[in-house]
Amino acid sequence: MVNLKSRTIYCRDNLDVLRGINSKSVDLIYLDPPFNKKKVFTAPIGSSAEGAEFSDIFREEDIKNEWLDEIRQDHYALHEFLNSVKNIEGRSSYNFFYLAYMAIRLIECQRVLRGTGSVYLHCDPTMSHYLKLLMDCIFGEKHFQNEIIWRIGWVSGYKTQKRGWIRNHDTILYYLKTAAAAKIFNKSYIPYPPDYVRRDGKKPTGAGVPIEDTWNCSSADVLDSIMIKSFSKEKTGYPTQKPLALLQRIIRASSEPGDMVLDPFCGCATTLVAAESLQRDWVGVDVSYKAFELVKERLGREVPADMVSGEPEFQTAPPKRTDIDTTQANTKFVYVIPHKNYPGEYKVGIAKDVKERLGSYQTSDPGRSFKLEFSFRSPHYQEIEKFIHAKYDNRHEWVSGDLRRIIEDIKGWD
Ligand SMILES: C[S@@+](CC[C@H](N)C(=O)[O-])C[C@H]1O[C@@H](n2cnc3c(N)ncnc32)[C@H](O)[C@@H]1O
């Protein structure tokens, strides 16, 4: 069930929009979030993006406790990973705040993708090593496909970077939602140069050189370069604008005409323009109103009129999910699992999906000795968990006591 209308730009925080999208309704997500560069980006005066600005600084006030609770309750591996980031950083927790901000959004991205869907997360070496682990926790390590290195081309570092190798690449992490998504991949090729001859002296046969995971790096790429040339009509002046050719390559490879492409950080609408030019449906989100102005302008300028299938629509209210039972929307399970080594000790925890939680205990326990003793769905799951932890002796979230009494206390809480 899809509750998105193609050609819509939502102008608000993407978390609200992502939370309003039905599960399994999107085929491809490309996201190019702030990179945690600890600075503010502004479009130059006089450019068509003038007025656009976004902050790439993350602090404690950008994070909500509610997100951290959700991660602790429903995504245990992720919770552990984020805590370890805090430990690496010591006193300043900027990376932790950034990653928590990203995690809560990537959880929703994973949920809204169809089983055959894929995601491309654009980042750079500031955070790519942390984001890969974050993606492993959320999408599953086995669904990792490629780390694409995109050589940016002209970078200001040529002039300003005093030490070290000139920084000139971004990283794009490509993951599948499930193994079935591997089927949705249209292999692409860079045509052979006209004067290309094989080592045996013959003219080449076949489509060309298959594209590797390093883009814009080899001499073959000269024929298919992925850069915004300084006088090209696609240049808007929007800070961090990505080339249309980059998005066309991704969309062509990992979706089919008519598929739904979502960009939750759409900026000056590059993904949306690329999707329109390839006959895909699209939805974009950006906190900045500029995105809407620019998509209208760019569709008119960069896509041939006979290929534009409709006017973009502007929305500020997020979509409303139509695939959940609202009576159960705010409830979770309180569950009880006995410790496999210490009789009389029980884990009393919270989970959205209790079967999945038991599965994750059993994965770390090949003897399968963990079993579910009891579970109970309630809107008061947080209060019940707190009450049990306060009433019984507990060490590291394992409480000791009589199982029957613990269960009675959980049931009798209301
Ligand atoms: C790196 S830029 C994206 C550039 C884009 N790929 C392009 O080619 O123009 C990141 C964008 O994310 C937007 N943004 C930042 N936080 C956001 C949020 N929570 N929700 C929606 N958009 C957000 C910023 O306004 C900015 O336009």
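Strand S14 (residues 332-338) and strand S15 (residues 345-351) are antiparallel partners joined by six bridges. Two strands count as paired if DSSP finds at least two bridges between them. Helices (H or I, at least four residues) and strands (E, at least two) are DSSP runs, numbered from the N terminus.

This is a predicted model, in which local features need pLDDT of at least 70, side-chain atom pairs count only at pLDDT 80 or more, and totals for chains, interfaces and linings use all residues. Numbering starts from 1 along each chain as its sequence is written.

S14 and S15 make a hairpin with six residues between them, and glycine 344 in its turn has a positive phi of about 90°. S15 also runs antiparallel to strand S18 (residues 398-400), with three bridges.

| Strand pair | Bridges | Residues facing each other |
|---|---|---|
| S14 and S15 | six bridges | phenylalanine 333 and alanine 351 |
| S15 and S18 | three bridges | glutamate 345 and serine 400 |

The chain is assigned domain 1 (8-315) and domain 2 (332-411), with bounds from an automatic or database domain assignment. Taken over C-alpha atoms, the domain centres lie 39 Å apart.

The ligand is surrounded by 18 residues, the closest being Asn14, Asp32, Phe265, Gly267 and Thr270.

Helix H3 (residues 76-89) has 14 residues and should span 20 Å at 1.5 Å a residue, which agrees with the 20 Å between its end C-alpha atoms. The expected span is 1.5 Å times one less than the number of residues.

Terms used. A residue is near a molecule or strand if its C-beta atom, placed from the backbone, lies within 6 Å of it.
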